[in-house]
Amino acid sequence: AKKAGRSCFRFYTAAIQEKASRHLQLVNALRVALELQQFSIHYQPQLAMAGGQLVGAEALLRWTHPELGNISPAEFIPVAEDCGLILQLGEWVLRHAVRQARQWRDQGLALVMAVNLSAVQFRQPDLPALVARILQEEGLPASALELELTEGVAMYDPQQAIAVMNVLHEQGVRMSIDDFGTGYSSLNLLKQFRVYKLKIDQSFIRDIVTDPEDRAIVAAIIHMAEKLGLLTIAEGVETAEQHSWLRAQGCNELQGYLFSRPLPADAFAVYAQQHQPA
Ligand code: C2E
Ligand code: CA
Ligand code: CA
Ligand code: CA
């Protein structure tokens with residue numbers, strides 16, 4: 001048993017070392033990636049339930065490393081958060097997504113640009129000033145920007161988070177809660193959050209057609225949101241059955257592969273041509 005225990009331990013440390021060296025590799029690669037412009041943004045359509053028009057776009061970061069290939073944001077965002085590079089990277093995404101929204105506006109395509117914000121960015125006292133500066137420099141009205149926050153933003157200091165939301169709200173920026181239902185925020189906090197939309201996490205949407213518990217959760221979120229005067233958007237909608245069930249429940253907006261994958265800007269513009277209100 002002792003022997004097995006030891007080799008098990010060895011295996012365990014090897015796995016940790018491997019993970020640590022990948023982490024280190026990514027930290028180093030991230031540092032140069034910003035300078036070398038290895039990042040790009042894909043945009044995923046957000047559609048109104050009623051009418052099916054395009055109402056928004058979610059900006060999703062993409063990283064193609066010359067040797068490591070495409071690296072998922074689910075892997076590199078946490079690394080960027082650990083080493084502090086998320087601040088630079090987050091500012092890069094915000095500026096470029098806002099610039100893109102402005103360009104589309106100039107071409108007659110008005111939509112809300114949703115940008116993911118890390119809890120680390122949200123903790124910066126100068127965040128509202130940074131957002132205001134970027135909007136002003138890029139010439140986009142605040143009402144055309146939505147910041148997607150996870151419930152984790154409130155983990156560090158709920159009162160500070162609420163104060164920052166109040167300032168952003170006064171500036172006219174919209175805020176939504178991403179991955180709603182998976183985090184820790186209490187209903188009491190939700191009441192104090194200056195958000196206008198809940199993004200129902202895709203883990204609840206996946207099995208809504210077959211799983212009565214997921215159905216109960218999603219229905220409860222939609223109905224609660226309605227009563228609180230908040231909009232709801234379902235993420236990860238992949239099937240027509242999910243779509244029609246969500247419609248019957250009164251969910252307001254939709255996002256998912258059923259409609260479109262996240263697209264490079266030019267492909268998004270083509271998609272938009274076909275889904276604009278007449
Ligand atoms: P998220 O914000 O929850 O984004 C939704 C994720 O679901 C995206 O993955 C999107 O491509 C994927 N998705 C959309 N529709 C479907 C669908 O119908 N089915 C399935 N299975 N997946 C769908 P992606 O682009 O890999 O991003 C992963 C996560 O990385 C994001 O989750 C977000 O937390 C983070 N992320 C991406 N870009 C940024 C960014 O610019 N800043 C920050 N802070 N985080 C980002
Ligand atoms: Ca998101
Ligand atoms: Ca999400
Ligand atoms: Ca997520």
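Which element gives the most to the shell around ligand 1? I found that strand E2 does, with four residues.

**Entry 1: ground rules.** I noted that this is a predicted model, in which local features need pLDDT of at least 70 and side-chain atom pairs count only at pLDDT 80 or more, while totals for chains, interfaces and linings use all residues. Residues are numbered from 1 along each chain as its sequence is written, chains are lettered from A and ligands numbered from 1 in the order in which they are written, and side-chain values use heavy atoms, with hydrogens and water left out. I took helices (H or I, at least four residues) and strands (E, at least two) as DSSP runs, numbered from the N terminus.

**Entry 2: the shell of ligand 1.** I looked up the surroundings of ligand 1 and found 21 residues, the closest being Gln44, Arg62, Asp178, Glu238 and Tyr257. A residue counts as near if one of its heavy atoms lies within 4 Å of the molecule. I sorted the shell into nine nonpolar, six polar and six charged residues. In this sorting Ala, Val, Leu, Ile, Met, Phe, Trp, Tyr, Cys and Pro are nonpolar, Asp, Glu, Lys and Arg are charged, and the others, Gly among them, are polar.

**Entry 3: polar contacts of ligand 1.** I next searched for pairs of N or O atoms within 3.5 Å. Glu238 has a side-chain N or O atom 2.5 Å from a nitrogen atom of ligand 1. Gln44 places a polar side-chain atom 3.0 Å from a nitrogen atom of the ligand. Two or more residues of the shell come from each of strand E2 (54–65), helix H2 (73–83) and strand E6 (174–180).

Entry 4: I counted as donors N, O and S atoms within 2.8 Å of the metal (3.2 Å for Na, K and Ca); water is not among the atoms, so sites may look incomplete. Ligand 2, a calcium ion, is coordinated by Glu58, Asn116, Glu148 and Asp178 at 2.2 to 2.3 Å. Asn116 lies in strand E4 (residues 112–116) and Asp178 in strand E6, so this pair ties together parts that are 62 residues apart in sequence.

Asp178 bridges ligand 3 and ligand 2, which lie 3.9 Å apart.

Which residue coordinates both ligand 4 and ligand 3? I found that Asp179 does, and that these two calcium ions are 3.8 Å apart. Asp179 coordinates ligand 4 at 2.9 to 3.0 Å, and this residue lies in strand E6.

How values were computed. A polar contact is a pair of N or O atoms within 3.5 Å; within protein, one must be able to donate a hydrogen and the other to accept it, and residues adjacent in sequence count only if both atoms are side-chain atoms.
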